[in-house]
Amino acid sequence: MFGTFQHSSLRIEVEASEEKLRQSLTNPKDLQKWLWFERLSVGVPEKLEPGVKFTGRIGFVAIQHEVELAEPNRIRFLLSQGIDGFHEWAWGDGWVQSRIEGITLLPLNLGQTVSLLSLKQFLTSQAT
């Protein structure tokens, strides 16, 4: 894999319940609504569970995702192709945290920041 090793952890406050965050992070239909800059492959099951695999595309870069762990307050994806590493999300009432690390040419911290802000904006629009 080409690129450099990068890692980042960010946590933000959001005005959303634990259940709404779970839905937004584990339901591919909701995921695609706020993760607008990444196109998910067709045929992803309605619920993300361990072993589920799908591809996301950011422009011409394909990123293979495999759900490694799905718990009531956490989901972890193993990443390959465009990013070799993992992305883990954890959440609770009023907060969400993202931790990502891997080898890639992509700017992981920028993508992570955009993802969190996009999720926050989506949740805010859902509340009104």
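Contact here means heavy atoms within 4.5 Å. The legends describe a predicted model, in which local features need pLDDT of at least 70, side-chain atom pairs count only at pLDDT 80 or more, and totals for chains, interfaces and linings use all residues. Residues are numbered from 1 along each chain as its sequence is written, and side-chain values use heavy atoms, with hydrogens and water left out.

View 1. Gln-112 lies in helix α3. Helices (H or I, at least four residues) and strands (E, at least two) are DSSP runs, numbered from the N terminus. With 2% relative accessibility, Gln-112 counts as buried. Buried means under 20% relative accessible area, exposed over 50%, and partly exposed in between (1.4 Å probe, protein chains only). Which residues does Gln-112 contact, leaving aside its neighbours within four places in sequence? They are Ser-8, Ser-9, Leu-10, Ser-98, Arg-99 and Ile-100.

View 2. Seven strands form an open sheet, ordered β1-β7-β6-β5-β4-β3-β2, with antiparallel pairing. β1 (4-13) and β2 (39-40) stand at the edges with a single partner strand each, so one side of each has no neighbour in the sheet. Helix α1 packs on the sheet and touches β5, β6 and β7; its direction makes about 155° with that of β6. Helix α3 also packs on the sheet, touching β1, β6 and β7, and its direction makes about 25° with that of β1. Axes are lines fitted to C-alpha atoms, for helices over the stretch in contact; angles run from 0 to 180 degrees between N-to-C directions.

**View 3. Strand β6 and its two partners.** Two strands pair if DSSP finds at least two bridges between them. β5 and β6 run antiparallel, joined by six bridges. A hairpin of two residues connects them. Arg-74 stands opposite Ala-90 in β6, and Phe-77 has His-87 of β6 as its bridge partner. On to β7: this strand pairs with β6 in the antiparallel sense over nine bridges. Asp-84 has Ile-103 in β7 as its bridge partner. The hairpin of β6 and β7 has two residues between the strands, and there Gly-94 takes a positive phi near 90°. Seven of the nine residues of β6 are buried, so the strand is largely enclosed by the rest of the structure.

View 4. α1 spans residues 18-26, where Leu-21, Arg-22, Ser-24, Leu-25 and Thr-26 are buried. The buried residues of α1 pack against α2 (28-34), β5 (74-81), β6 (84-92), β7 (95-104) and α3 (108-127). A salt bridge is a side-chain nitrogen of Lys or Arg within 4 Å of a carboxyl oxygen of Asp or Glu. Glu-19 forms one with Arg-22, the closest N and O atoms being 2.4 Å apart. Both residues lie in α1, three residues apart, about one turn of the helix. Glu-19 is partly exposed at 46% relative accessibility.

View 5. How many salt bridges does the structure hold? There are eight. Arg-74 forms one with Glu-71, with closest N and O atoms 3.1 Å apart. Arg-74 is partly exposed at 28% relative accessibility, and Glu-71 is partly exposed at 36%. Glu-88 forms a salt bridge with Arg-99, the closest N and O atoms being 3.3 Å apart. This pair links distant parts of the chain: Glu-88 in β6 and Arg-99 in β7, 11 residues apart. Glu-88 is buried at 10% relative accessible area, whereas Arg-99 is partly exposed at 30% relative accessibility. Salt bridges that share partners join Glu-68, Glu-71, Arg-74, Arg-76, Glu-88 and Arg-99 into one network.
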